[in-house]
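Come along and check the entries against the view.

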Amino acid sequence: MLGELDLLAAEVGQGEVSDATIRDRRAVIADWLTQPDNPIFARVAVNRIWAEVMGQGIVDPVDDFPLANPPSNARLLDALANDFVESGYDIRRLEKTILRAPFAGVLGMRRVSPGDYVAAVVMAR
């Protein structure tokens with residue numbers, strides 16, 4: 001992977017860059033980001049979508065993902081991120097998973113903490 005990035009960097013340094021090279025560079029970066037062994041991309045994406053739907057991220061603030069700011073529910077974040085990766089990064093499926101929670105219709109668009117989500121799922125069983 002690093003070799004491909006080095007080649008692209010060398011091409012960029014040699015003058016004009018064609019549209020094909022730009023697309024290739026973007027494809028290399030996209031492939032690197034979405035590798036199944038790179039959990040950060042899926043976790044950040046899931047957290048952002050969760051925040052859009054529920055009003056607050058599992059990691060809050062949404063843009064603050066260091067070790068000093070752990071998720072309020074790591075198991076939930078990991079489960080959603082794993083499902084997101086397994087689905088081929090299907091955003092619609094992720095949104096449906098979040099919205100199909102037993103309490104989603106009752107809560108409407110009010111802010112929901114990840115703990116409330118888990119409690120509602122457990123109570124629905």
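Which residue forms a salt bridge with Asp83? I looked it up and found Arg93, with the closest N and O atoms 2.5 Å apart. My cut-off for a salt bridge is a side-chain nitrogen of Lys or Arg within 4 Å of a carboxyl oxygen of Asp or Glu.

**Ground rules.** I am working on a predicted model, where local features need pLDDT of at least 70, side-chain atom pairs count only at pLDDT 80 or more, and totals for chains, interfaces and linings use all residues. Residues are numbered from 1 along each chain as its sequence is written, and side-chain values use heavy atoms, with hydrogens and water left out.

**Salt bridges.** I count 3 salt bridges by this rule. Back to the pair I began with: Asp83 lies in helix H4 and Arg93 in helix H5, so the contact ties together parts that are 10 residues apart in sequence. For helices I take DSSP runs of H or I with at least four residues, numbered from the N terminus. Arg93 is partly exposed at 38% relative accessible area; buried means under 20%, exposed over 50%, and partly exposed in between, with a 1.4 Å probe and protein chains only.

I next noted Arg48 and Asp63, whose side chains meet at 2.2 Å, N to O. Arg48 is partly exposed at 42%, whereas Asp63 counts as exposed at 67%.

Asp78 is partly exposed at 33%, while Arg43 is among the buried residues of H3.

**Aromatic rings.** I found 2 aromatic pairs. The rule I used pairs rings of Phe, Tyr and Trp (its six-membered ring) with centres within 6.5 Å; planes under 30 degrees apart are stacked, over 60 edge-to-face, and the rest tilted. Phe41 and Tyr89 have ring centres 5.6 Å apart and planes at 65 degrees, so I logged them as edge-to-face. Phe41 belongs to helix H3 (residues 39-54) and Tyr89 to the loop between H4 (74-86) and H5 (91-99), so the pair ties together parts 48 residues apart in sequence. Phe84 and Tyr89 are edge-to-face as well, at 5.3 Å and 85 degrees. I noted both Phe84 and Tyr89 as buried, and Phe41 as partly exposed at 29%. Phe41, Phe84 and Tyr89 form one aromatic cluster.

Definitions and conventions: Helices (H or I, at least four residues) and strands (E, at least two) are DSSP runs, numbered from the N terminus.
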